[in-house]
Amino acid sequence: MAQVLSRRVSVRFIHTAIIVLALVPAALIVLDVLRDRLGPNPIEVITHRTGDWTIRLLLTTMAVSPLRRLTGWNELIQYRRTLGLLTFSYACLHFLIYLVIDQGFPIQGFAIRYVWKDIVKRPYITVGFTAFVLLIPLAWTSTKGWIRRLGKRWTSLHQAIYVAAALAALHFLWLVKGKQMKPVYYALVLIGLLALRVVLARRRGGSRIAAVVSPEVTPLPSPSPGPS
């Protein structure tokens with residue numbers, strides 16, 4: 001009983017630590033706003049910083065499963081949902097800054113019309129918005145109840161995180177237009193995670209095939225000699 005209680009306390013402590021650490025960048029943004037430290041274009045700086053942390057948390061979320069398989073630390077899976085929801089929170093913040101502060105919705109009345117035109121006409125906004133939309137059902141169905149309801153379909157649905165991550169990396173690459181190497185690093189990390197997923201899937205598939213082809217068989221006893 002004491003071990004179970006200690007384990008629960010440890011899990012809750014790690015969950016809390018993850019949330020607190022993830023909120024630090026948002027707190028620093030607020031602090032920089034209050035101290036007027038964001039330079040001549042504060043909206044651009046805030047937008048980029050929230051986008052940065054969205055991609056970082058997204059890649060961290062994607063890294064949980066392969067790390068669990070490589071290290072054997074199965075408890076890691078308990079923190080994937082927390083990381084995923086934090087990713088979605090930063091994605092919402094990133095989009096709201098664009099929608100409300102940059103585009104002035106809803107203060108400017110029919111600004112949503114211009115926002116939609118902006119999303120459709122500018123490719124980097126189109127892919128970024130698509131990535132955001134893909135994250136919505138993933139966040140919505142992240143509860144245990146939805147996992148039970150969807151069954152095997154839950155896993156298929158949540159593989160959309162790889163598409164969302166690819167679109168987010170492309171969004172950043174198009175946005176900076178070669179002015180920074182940061183989006184290239186994010187893209188390389190994403191490629192590495194995808195490659196690792198393929199390797200682990202093949203290894204797991206190979207193990208299953210080996211188990212089927214060469215099953216463990218208990219040797220039969222030698223037949224007793226017949227009558228002479």
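**Entry 1: ground rules**

I number residues from 1 along each chain as its sequence is written, and my side-chain values use heavy atoms, with hydrogens and water left out. The model is predicted, so I keep local features only at pLDDT of at least 70 and side-chain atom pairs only at pLDDT 80 or more, while totals for chains, interfaces and linings use all residues.

**Entry 2: the largest pocket**

Rolling a probe the size of a water molecule over the atoms shows where empty space is left. I worked on a 1 Å grid over the protein atoms alone, where a pocket is an open set of points with protein on both sides within 12 Å along at least five of seven lines; a cavity is a set where a 1.4 Å probe fits but cannot get out, and lining residues have an atom within 4 Å of a point. Points are joined across faces, edges and corners, and a volume is the space filled by probe spheres set on them.

What volume does the largest pocket have? I found about 1100 Å³. Its lining has 36 residues, and the closest to the centre are Ile77, Arg80, Arg81, Trp154 and His158. Helix α3 brings the largest share, seven residues.

I also sorted the lining by class and got 14 nonpolar, 12 polar and 10 charged residues. Here Ala, Val, Leu, Ile, Met, Phe, Trp, Tyr, Cys and Pro count as nonpolar, Asp, Glu, Lys and Arg as charged, and the others, Gly among them, as polar.

**Entry 3: the second largest pocket**

This pocket has a volume of about 780 Å³. Of its 34 lining residues, Thr47, His94, Tyr124, His171 and Leu175 are the closest to its centre. At least two lining residues come from each of α2, α3, α4 (111-121), α5 and α8. Which helix gives the most? I found α2, with nine residues. By class, I noted 18 nonpolar, nine polar and seven charged residues.

**Entry 4: a nonpolar patch**

On the surface I found a nonpolar patch formed by Val20, Leu21, Val24, Leu28 and Leu31, with about 430 Å² of accessible area together. Patch residues have over 30% relative accessible area and no salt bridge; nonpolar side chains (Val, Leu, Ile, Met, Phe, Trp, Tyr) are joined within 5 Å, and like charges within 9 Å. The areas come from the Shrake-Rupley method with a 1.4 Å probe, and for residues only the protein chains shown count as cover.

I looked up Val20, which lies in helix α1. Val20 is partly exposed because its relative accessibility is 47%. My cut-offs are under 20% relative accessible area for buried, over 50% for exposed and in between for partly exposed (1.4 Å probe, protein chains only).

**Entry 5: salt bridges**

Side chains of opposite charge can pair when their charged atoms come close. My search used a side-chain nitrogen of Lys or Arg within 4 Å of a carboxyl oxygen of Asp or Glu. How many salt bridges does the whole structure have? The search finds three.

Asp32 pairs with Arg49, with the closest N and O atoms 2.9 Å apart. Asp32 lies in helix α1 and Arg49 in helix α2, so this pair ties together parts 17 residues apart in sequence. Asp32 is buried at 14%, while Arg49 is partly exposed at 25%.

Asp52 meets Arg56 at 3.9 Å, N to O. They are separated by about one helical turn, because they sit four residues apart in helix α2. Asp52 is buried at 7%, and Arg56 is partly exposed at 29%.

Lys182 also meets Asp52, at 2.8 Å, N to O. This pair links Lys182 in helix α9 with Asp52 in helix α2, 130 residues apart. Shared partners join Asp52, Arg56 and Lys182 into one network.

**Entry 6: two single residues**

Asp36 is found in the loop between α1 and α2. Asp36 has a positive phi of about 55° although it is not a glycine. Is Asp36 buried or exposed? It is exposed, with a relative accessible area of 66%.

Leu196 has its place in helix α9.
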